[in-house]
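Dear colleague,

Please find the structure below, handed over for your studies. My findings follow it, grouped by topic.

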Amino acid sequence: MHCELIVPGLFAEAADTRAPALELLLARGRGTNGESHSVESWLQEAFGLEDAPIAAGALTLVANGTDPGGACWARADPVHLRLLRDRLIVVPGAAFELTAAEAHALVDALNGHFAGALHLQATDAYRWCLRLEDPLAFHSVPPIEAAGRDVDLTARIGGEAGKRWKQVLTEAQMLLHAHPVNQAREEHGLPAVNSLWLWGAGSAPAVPAGRWRTVAATDPLPLGLARLGGARALALPPDGAAWLGALPAEGRHLAVLDELRAPLALGHTAELHDLIGVLETRWFAPLLAALRAGRVGMVSVHVPDNVGASFEVVRGDLRRFWRRRKALASYA
């Protein structure tokens, strides 16, 4: 069994964070560096789709068990736009709480207002999918990657389509601003959902058979890619021991551990350090123990946003005692 982990943000802001099991895996294994990637572009390349923008909307529906058909879908995630003097910055959904009931009320209002010209579907409170009547070639980063930045919501949509979508978004923002859900949120001091973040347009891709037998994640994008590529898509278990218990004894298996992504983007350094400790206890220590016991043949750790760093270690590598543990900050 070959167990692979992708852990974005692992080496960021980790100067005073120690993780003995992880440090041993990294020190005794073989490391390689490539180009720095976002999680989305790493997944694109890993699933053989690097030549096209990731179809986030369609893949989210696939992961949710919904057939997107041949239509073009985009993600239109709920965000809060905050005015700071002469500029707008984006506050992604990861920075505030939004209930499923609130999300569905807002989506129903938008669908009713635009009456067929715009169709939204909320797969959960923070992930909304937008069906596009005409294929639209644009791509943007997920809202978590744009946290705290100046925004131009239609900058990547050119020509007449860009003008049309700017008008649609302006109208949607006016409706959201006046909606009772947002009025209630503002009365309670909560950020209003006052805009949509468009990204990841495209139809469901033809995904070639992948390298993994199973893919476990909370993010729907790797799960959608797994299903289209013939792999078994799994909800991410609470820890590495539970994950190993759910896996077939042979083959390659991927787990996407992206808990560090939000606190890194939002500048929550203390939370980031705490979560590295949680990953150490729940994931890296059990996998190291399984490798030592021979239950796992190889463990790989991928950190795509750190010059594409990857490490792989087999049981025999653990005997290379002369390769000393190093603090995580030394890999940054």
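The largest cavity holds about 40 Å³ of space. This is a predicted model, and a search of the whole structure finds 1 cavity of 30 Å³ or more. Such a search works because rolling a probe the size of a water molecule over the atoms shows where empty space is left.

Which residues line the largest cavity? They are Leu118, Leu130, Trp165, Val168, Leu169, Ala172, Leu196 and Leu198. By class, this lining has 8 nonpolar residues, with no polar and no charged ones. Helix 5 (159-178) and strand 7 (195-202) each supply at least two residues of the lining. The most comes from helix 5, which gives 4 residues.

I turn next to the largest pocket. Its volume is about 640 Å³. The lining of this pocket comprises 25 residues, and the closest to the centre are Ala94, Tyr126, Arg127, Ile144 and Ala262. Sorted by class, the lining of the largest pocket has 13 nonpolar, 3 polar and 9 charged residues. Strand 3 (72-84), helix 7 (220-228) and helix 9 (261-266) each supply at least two residues of the pocket lining. Helix 9 gives the most, with 4 residues.

The next topic is charge. Side chains of opposite charge can pair when their charged atoms come close. How many salt bridges does a search of the whole structure find? The search finds 10 salt bridges.

One of them joins Glu312 and Arg30, whose closest N and O atoms are 3.8 Å apart. This pair links distant parts of the chain, since Glu312 is in strand 12 (residues 309-314) and Arg30 is in strand 2 (residues 30-32), 282 residues apart. Are these two side chains' residues buried or partly exposed? Glu312 has a relative accessible area of 32%, so Glu312 counts as partly exposed. Arg30 is likewise partly exposed, with a relative accessible area of 33%.

A salt bridge also forms between Asp317 and Arg320, with 3.9 Å between the closest N and O atoms. Both Asp317 and Arg320 are buried. Arg30, Glu312, Asp317 and Arg320 are linked in a network of salt bridges.

The side chains of Arg75 and Asp77 meet in a further salt bridge, at 2.9 Å from N to O. Why do both residues count as buried? The cut-off for buried is under 20% relative accessible area. Arg75 counts as buried because its relative accessibility is 5%. Asp77 counts as buried because its relative accessibility is 2%.

Arg28 presents another case. Arg28 has its place in helix 1 (residues 20-28). This residue is buried yet has no salt bridge. Which side chain of opposite charge is nearest to Arg28, and how far away is it? The nearest is that of Asp317, 9.3 Å away. The side chain of Arg28 does reach the backbone oxygen of Arg323, at 2.9 Å.

Finally, I draw your attention to the loop between helix 6 (180-187) and strand 7, where Leu190 is found. Val193 also lies in the loop between helix 6 and strand 7. Leu190 is partly exposed, with a relative accessible area of 40%, whereas Val193 is buried, with a relative accessible area of 0%.

Separation along the chain and separation in space may be set side by side for these two residues. Leu190 and Trp243 are 53 residues apart in sequence and 36 Å apart in space, C-alpha to C-alpha. Val193 and Val91 are 102 residues apart along the chain, and their C-alpha atoms are separated by 9.5 Å.

With kind regards

Notes:
Residues numbered from 1 in each chain as written. Predicted model: local features only at pLDDT ≥ 70, side-chain atom pairs only at ≥ 80, totals over all residues. Heavy atoms only, no water. 1 Å grid on protein atoms, 1.4 Å probe; cavity = no way out; pocket = protein on both sides within 12 Å on 5 of 7 lines; lining within 4 Å. Points joined across faces, edges and corners; volume = space filled by probe spheres on them. Nonpolar A, V, L, I, M, F, W, Y, C, P; charged D, E, K, R; others polar. Buried < 20%, exposed > 50% of the residue type's maximum accessible area, 1.4 Å probe, protein only. Lys, Arg positive; Asp, Glu negative; His and termini not counted. Salt bridge = Lys/Arg side-chain N within 4 Å of Asp/Glu carboxyl O. Polar contact = N/O pair within 3.5 Å; in protein donor to acceptor, adjacent residues only side chain to side chain.
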